[in-house]
Amino acid sequence: MSDNQIKYGEAIKEIEQILNQIEKEELDVDDLTAKVKRASELLSLCRSKLRTTEQEVEKIMKEIESE
Amino acid sequence: MDQELTLLELNRKIKDAIDQSFPLNYWVIAEISEMKVNRKGHCYLELVEKDEADDRIIAKARGMIWSYTFRMLKPYFENATGQEFKQGLKIMVQASVEFHELYGLSMHISDIEPSYTLGDMARKRMETIRKLEEEGILKMNRQLPLAQVPQKIAVVSSQTAAGYRDFMEQLHHNPYGYVFYAKLFPAFMQGDQAESSIIQALEKIYRHEDFFEAVAIIRGGGAQADLSCFDQYTLAAHLAQFPLPVVSGIGHEKDESVVDMVAHTKQKTPTAVADFLVNRAYQFEDRLLQARDRIVQQTNRFIQSEQQKHQNLSGRIVPNVNALIDRTKTRLERKAEKLTHLNQMFMASQEQKLKDHSSRMANTSQNVIQNAGYELKHLERNFPKSVEKYISHTKKQLENLERAKNHLDPENVLKRGFSITQLNGRTITSADQAGEGDVLQTRLYKGYIESTVNRKKEE
């Protein structure tokens with residue numbers, strides 16, 4: 001999943017799933033490390049998408065403008 | 001009766017007859033089918049009555065309002081109904097019946113009853129709602145899923161409207177720095193052309209249905225504007241069935257409009273629509289941060305308990321292994337003794353017969369003992385090694401985990417020079433949350449600072 005393709009709904013679902021697994025203490029140290037890393041990635045992708053203007057989207061907006 | 005009359009004479013007779021037959025003022029219910037105001041300010045109307053069933057015109061008459069009456073009646077009516085005095089309205093007026101020799105029959109209007117028109121509008125509105133309900137589309141838009149964070153918004157509004165500017169301002173300068181993409185699709189937001197021009201704007205948006213995540217239909221200002229277009233069936237039906245969720249901010253002061261009723265989400269004003277969108281993004285981020293905090297917390301707990309477990313394990317495992325080795329050694333020694341003893345007895349009793357076999361037998365016994373001894377040594381050498389290997393692997397994974405967790409930990413943001421500003425124990429994110437003279441606590445990576453607000457600048 002690249003930066004601009006991340007979907008908020010799917011991301012939060014995955015993060016909360018990871019949290020759920022961690023809280024149920026279902027994971028061993030190897031799995032846990034991988035999952036925490038994944039959650040960290042998803043979090044920063046989402047937060048950056050909330051605040052970063054995407055060139056691709058701006059371009060589409062301009063195209064709609066010129067119709 | 002063969003006396004001839006001139007037309008004027010005839011018309012005078014008609015006038016007399018009418019004056020005698022209709023000496024009073026009458027309250028008349030009719031629909032305005034045409035309306036004109038001339039230069040002098042007199043208002044000329046064409047009044048009709050339609051058949052309830054098929055809308056056919058079944059009566060028609062001319063009506064007029066003298067300018068000095070019209071100057072008062074028009075604002076009186078419009079204030080009371082919130083509705084422009086125009087054609088298409090059903091009205092109840094007080095009128096006298098006049099016949100003029102030259103101009104013919106007309107009704108001279110002297111008063112109007114706005115509550116009749118209000119009632120008629122309410123009835124029509126109810127009918128529209130009932131129709132939408134019967135067609136099963138009244139709640140259609142409300143059932144569409146709204147994106148977690150709708151950032152791409154198609155805006156239906158008038159470019160010059162104050163409400164549109166307020167909306168854009170509020171949306172783009174939100175205190176959290178969220179990005180929104182708002183594209184205006186201009187339309188008239190009041191008057192006769194509103195309905196068709198809004199529908200045209202919707203058709204344009206429909207072509208980009210996959211791109212946008214929501215439609216905001218907003219209108220602001222103009223307290224007494226004519227908003228009857230937002231109760232019209234065709235517009236409401238379009239919005240109800242639109243494939244994107246619609247957020248309305250039309251700014252009605254009285255009841256909600258039919259457009260508000262069919263919208264996915266109804267807000268009072270354009271600013272409130274912007275707040276709604278910003279707040280939705282904020283709630284999403286808050287959910288993210290809560291999950292993050294809990295992951296950090298749980299991972300810390302996990303690391304601590306794992307470390308404890310490993311300390312316990314390595315503390316217990318070495319003495320246990322030593323004891324196991326000791327026990328095995330003792331058992332083996334005892335076995336060796338026993339075997340030697342048996343061997344001797346066996347050899348003694350059968351010395352003669354098995355003299356040639358005895359040396360081989362002894363060899364075999366010794367081999368058994370020797371092999372067991374080797375295995376024991378191997379165990380002694382290798383078992384602690386593999387335990388150590390396991391412990392060091394786990395330790396390494398724990399370190400990785402700690403690193404991954406640290407990425408999420410707010411402590412590290414502080415370490416990089418950011419700080420958290422609090423007022424009365426609550427974190428604040430905007431200057432308007434603090435007043436002059438307030439005492440703020442600033443949390444740094446190391447320690448706290450307390451300071452007083454002297455001056456502030458709001459954005």
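How many of the 67 residues of chain A count as buried? The share is 25%, where a residue is buried if 20 or more other C-beta atoms, placed from the backbone, lie within 10 Å of its own, exposed if 12 or fewer, and partly exposed in between. This is a predicted model, in which local features need pLDDT of at least 70 and side-chain atom pairs count only at pLDDT 80 or more, while totals for chains, interfaces and linings use all residues. Residues are numbered from 1 along each chain as its sequence is written, and chains are lettered from A and ligands numbered from 1 in the order in which they are written.

**Chain A**

- Chain A has three helices and zero strands, the elements running α-α-α from the N terminus on; helices (H or I, at least four residues) and strands (E, at least two) are DSSP runs, numbered from the N terminus.
- Helix H1 (residues 8-23) and helix H2 (residues 29-51) of chain A pack at an angle of about 150 degrees with their axes 10 Å apart, the axes being lines fitted to C-alpha atoms, for helices over the stretch in contact, and angles running from 0 to 180 degrees between N-to-C directions.
- H1(A) is therefore roughly antiparallel to H2(A), since angles under 35 degrees count as roughly parallel, over 145 as roughly antiparallel, 65 to 115 as roughly perpendicular and the rest as oblique.
- The contact includes A:Ile15 and A:Ile18 of H1(A) as well as A:Leu42 and A:Leu43 of H2(A), two residues being in contact if their C-beta atoms, placed from the backbone, lie within 7 Å.
- By class, this contact of H1(A) with H2(A) has 11 nonpolar, one polar and three charged residues, with Ala, Val, Leu, Ile, Met, Phe, Trp, Tyr, Cys and Pro counted as nonpolar, Asp, Glu, Lys and Arg as charged, and the others, Gly among them, as polar.

**The barrel of chain B**

- Five strands of chain B form a closed barrel in the order E1-E2-E3-E5-E4, with mixed pairing; two strands pair if DSSP finds at least two bridges between them.
- Strand E1 (residues 25-37) and strand E4 (residues 90-100) of chain B pair in the antiparallel sense over seven bridges, and B:Trp27 has B:Gln94 in E4(B) as its bridge partner.
- Helix H3 (residues 114-134) of chain B packs on the sheet and touches E1, E4 and strand E5 (104-112) of chain B.
- E1(B) and strand E2 (residues 43-50) of chain B run antiparallel and are joined by six bridges, and in their hairpin, which has five residues between the strands, B:Gly41 takes a positive phi near 95 degrees.
- B:Leu45 in E2(B) is the bridge partner of B:Met35 and also stands opposite B:Gly63 in E3(B).

**Where the chains meet**

- The contact between the chains involves 32 residues of chain B and 28 residues of chain A.
- On the side of chain B that touches chain A, E7, helix H8 (270-349) and helix H9 (355-408) of chain B each supply at least two residues, and the largest share, 13 residues, comes from H8(B).
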